[in-house]
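Please work through the exercises below with the sequence and the coordinates at hand. Each task is followed by a solution in steps.

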Protein chains: 2
Amino acid sequence: VSVVRFDKATFRWHGVDERAYKEGEGDFRDVVRLRLGSASELGSAFELRYFELEPGGYSSLEKHRHVHFVVALRGRGKAVVGDRVVELEPFDALYVSPLAPHRFVNEAHEPFGFLCPVDASRDRPQPLSDSEREALKANPATAPYVL
Amino acid sequence: VSVVRFDKATFRWHGVDERAYKEGEGDFRDVVRLRLGSASELGSAFELRYFELEPGGYSSLEKHRHVHFVVALRGRGKAVVGDRVVELEPFDALYVSPLAPHRFVNEAHEPFGFLCPVDASRDRPQPLSDSEREALKANPATAPYVL
């Protein structure tokens, strides 16, 4: 039996280390990534991660063939997905379809955290094409989040 | 974009119907099963379900080769896993290894709910063997939960 205990005071799990969100520099800020269960540890086709954006934080603007289906756990945040911006609060779930450009953003004053189960076998995130970036910049809803 | 909105008042998600936990009768009671995202809808190697045990409820005592990695979301409950009984509260995570006999139990006065991401391709649950049941009955920790 393996229980991964949650600690309410810190909003973290015992024995789960914070990992770099991505290697090196990028178009992201103040993102925490925790791997609650890796596919190799679990022996599963999925893994389960927890991401947290601190106030003012945002994830990379990216796309990939694998889908996301995240469940908000803490705080309030926004997700830019395709040509829309949606607000998320606990325990809203959000589907991100294959190759949809997306970014998570925290404009609130509390951390925004969400669970993110994902296929173990998946493609690497890619930056947007120039035309995809231009389309998001031309859309008043998404323009503020292109950065 | 597809957002599955959570409703705090009912602790349910809009547009997600309750499904029969299992077909027919069985050794379970007062279990709610919601499929938040199916693998065919998502196009993923996993699906994401939410299970809820009402006070006094319990899931089948069963085993299977596919693993569980559940995250408690609501209330407090117990999980019988192998020869141990562990208590879970939000947002504790529990790993159930291949073929470990397991059952979830709610002995509290509030609903006990947990997220359960699972491999889309998986084997069917099996009942325990007679010797497995006898071992659980002979163990004072697990005996009350063999039923």
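This is a predicted model: local features need pLDDT of at least 70, side-chain atom pairs count only at pLDDT 80 or more; totals for chains, interfaces and linings use all residues.

**Conventions**

Residues are numbered from 1 along each chain as its sequence is written, and chains are lettered from A and ligands numbered from 1 in the order in which they are written.

**Exercise 1. State the confidence of the model and determine the relation between chain A and chain B.**

Step 1. pLDDT is the predictor's confidence in each residue, from 0 to 100. Chain A has a mean pLDDT of 95, and 97% of its residues reach 70 or more. For the complex, the predictor gives an ipTM of 0.94 and a pTM of 0.95.

Step 2. Two copies of a chain are related by a rotation about an axis and a shift along it. The superposition is by least squares on the C-alpha atoms of residues with pLDDT of at least 70 in both copies. Chain A is superposed on chain B by a rotation of 180° with 0.0 Å of shift along the axis, at an RMSD of 0.0 Å. That is the relation of a two-fold axis.

Step 3. Of the interface residues of chain A, 100% are also interface residues in chain B, so the copies meet through the same surface.

**Exercise 2. Locate the cis peptide bonds at Phe91(A) and Phe91(B), and describe the phi angles of Leu99(A) and Leu99(B).**

Step 1. Most residues other than glycine have a negative phi, and most peptide bonds are trans.

Step 2. In chain A, the bond from Pro90(A) to Phe91(A) is cis, with omega near -10°. Phe91(A) belongs to the loop between β9 (84–88) and β10 (93–96) of chain A; strands (E, at least two residues) and helices (H or I, at least four) are DSSP runs numbered from the N terminus. In chain B, a cis bond with omega of about -10° joins Pro90(B) and Phe91(B), and Phe91(B) is in the loop between β9 (84–88) and β10 (93–96) of that chain.

Step 3. Leu99(A) is not a glycine, yet has a positive phi of about 65°. Leu99(A) sits in the loop between β10 and β11 (102–105) of chain A. With a relative accessible area of 29%, Leu99(A) is partly exposed; the classes are buried under 20%, exposed over 50% and partly exposed in between, for a 1.4 Å probe and protein chains only.

Step 4. Leu99(B) also has a positive phi of about 65°. Its place is the loop between β10 and β11 (102–105) of chain B, and its relative accessible area of 29% makes Leu99(B) partly exposed.

**Exercise 3. How many cavities of 30 Å³ or more are there, and which residues line the largest cavity?**

Step 1. On a 1 Å grid over the protein atoms alone, a cavity is a set of points where a 1.4 Å probe fits but cannot get out, and lining residues have an atom within 4 Å of a point. Points are joined across faces, edges and corners, and the volume is the space filled by probe spheres set on them.

Step 2. The count is 1 cavity of 30 Å³ or more. The volume of the largest cavity is about 40 Å³.

Step 3. Its lining consists of Leu48(A), Val71(A), Leu115(A) and Pro117(A), together with Leu48(B), Val71(B), Leu115(B) and Pro117(B). The elements giving two or more residues to this lining are β12 (112–119) of chain A and β12 (112–119) of chain B.

Step 4. By class, the lining has 8 nonpolar, no polar and no charged residues. Ala, Val, Leu, Ile, Met, Phe, Trp, Tyr, Cys and Pro count as nonpolar, Asp, Glu, Lys and Arg as charged, and the others, Gly among them, as polar.

**Exercise 4. Is Phe6(B) buried or exposed, and which residues does Phe6(B) touch?**

Step 1. Phe6(B) is in strand β2 (residues 6–7) of chain B. Its relative accessibility is 11%, so Phe6(B) counts as buried.

Step 2. Contact means heavy atoms within 4.5 Å. Not counting residues up to four places away in sequence, Phe6(B) touches Pro90(A), Phe91(A) and Asp92(A), as well as Phe11(B), Arg12(B) and Trp13(B).

Definitions and conventions:
Side-chain values use heavy atoms; hydrogens and water are left out. On a 1 Å grid over the protein atoms alone, a cavity is a set of points where a 1.4 Å probe fits but cannot get out, and a pocket is an open set with protein on both sides within 12 Å along at least five of seven lines; lining residues have an atom within 4 Å of a point.
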